[in-house]
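Please read the following points alongside the sequence and the model. They take up the ligand site, then the arrangement of the domains and the contact between them.

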Amino acid sequence: MNTNTQKPKILVARAIFPEALAKLEETFEVRSNQADVIFTPEQLQKELAGVVGALVAGSERIDAAALANATDLKVVANISVGYNNFDIPAITAAGVMATNTPDVLTDTTADFGFALLMATARRMTESEHWVRAGHWDKWSIVNNPLGMDLHHSTVGIIGMGRIGQGIAKRALGFGMQVIYHNRSRLSDVDEKACGAKYVSKEELLRTADHVVLVLPYTPENHHTIGAKEIALMKPTATLINIARGGIVDDAALAKALQQKTIFAAGLDVFEGEPSVHPELLKCSNVVLAPHIASATEKTRRAMVDLAIENVVAALSGKKPPSLINSI
Ligand code: DGY
């Protein structure tokens, strides 16, 4: 008779919803971090020792060093669709399954991308600060914060995965023209569904009224938008980044915003976040958000639930629904 009643040990590296934690505790012995204080790399290495599964987020870099003592680990589940915090070759070499949370956040993230685009083009946060500061003493034809139109303008989307396509479909409802650039061209059917025309990155930057970045971060995509690319954009254009910090050279962008080389920017992600480049903080023509594109309660719960589903599947000998690597 098997008298081993010990539950398998797992790590939950960031705070999650209490109900989700309780559900995990029915099956696993859980090391949790409900205090949500981010582990140092040394602490993470220690926490991963002796667990068979781990739920992590972008704040946890999972590489060979993190895995050095994780000899029992079978699965590491990111509570995020992006997985640039994963060193996939190192994770695979350690024989560990890596998973993420695609699909469940697509529409929520596309909604936010569009909201950020609207807020940026129509100077929403700048206008609110203006009202709060007591500057609104009269309606004026010319001395109100004047923005840029979305309707009948051209949006250029760089990164045409699920979220990029979601933004394109929303843009169609606003009577916008959609152009896109992506590693690979969409099928005719998908291009038609998005009303989108494939163009080179240079053409997109030169012709779009609004540039939206939704591409994954990889070393090759580092500074996809730097001073050279910003210089190609129209002086009336806006730049929206809901992709990842590091896709845009934030210092070059701050300079362009200060010199009004482009009209405005909307940023949900930053190089070195949660720090924001000090020069960006000085710009009134930028809308700043704290990496919240997927942040609705329903979607964050769905992301956690999918991460749990991935861990449970992996530890029961099944293929996790969103396995990234081949093990
Ligand atoms: C994602 O899921 O990639 C979001 O950006 C949260 O990290």
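1. The ligand is surrounded by Ser80, Val81, Gly82, Leu105, Arg244, His291 and Met303, where a residue counts as near if one of its heavy atoms lies within 4 Å of the molecule. This is a predicted model, in which local features need pLDDT of at least 70 and side-chain atom pairs count only at pLDDT 80 or more, while totals for chains, interfaces and linings use all residues. Residues are numbered from 1 along each chain as its sequence is written, and side-chain values use heavy atoms, with hydrogens and water left out.

2. By class, the shell around the ligand comprises 3 nonpolar, 3 polar and 1 charged residues. Here Ala, Val, Leu, Ile, Met, Phe, Trp, Tyr, Cys and Pro count as nonpolar, Asp, Glu, Lys and Arg as charged, and the others, Gly among them, as polar.

3. A polar side-chain atom of Ser80 lies 3.0 Å from an oxygen atom of the ligand. The protein covers 82% of the 230 Å² of accessible area that the ligand has on its own (Shrake-Rupley method, 1.4 Å probe).

4. The protein chain is divided into domain 1 (9-103 + 297-315) and domain 2 (106-288), with bounds from an automatic or database domain assignment. Their C-alpha centres lie 32 Å apart. To the contact (heavy atoms within 4.5 Å), domain 1 gives 6 residues and domain 2 gives 5.

5. About 520 Å² is buried between domain 1 and domain 2, with carbon and sulfur atoms giving 39% of this area. Buried area is the accessible area (1.4 Å probe) that two parts lose on being put together, summed over both. On the domain 1 side, Asn84, Asp103 and Thr299 lose the most area to domain 2, together 73% of what that side buries.

6. The count between domain 1 and domain 2 is 1 salt bridge (a side-chain nitrogen of Lys or Arg within 4 Å of a carboxyl oxygen of Asp or Glu). Arg162 and Asp103 meet through their side chains in a salt bridge, at 3.2 Å from N to O. The residues of domain 1 that touch domain 2 divide into 1 nonpolar, 4 polar and 1 charged.

Technical notes
A polar contact is a pair of N or O atoms within 3.5 Å; within protein, one must be able to donate a hydrogen and the other to accept it, and residues adjacent in sequence count only if both atoms are side-chain atoms.
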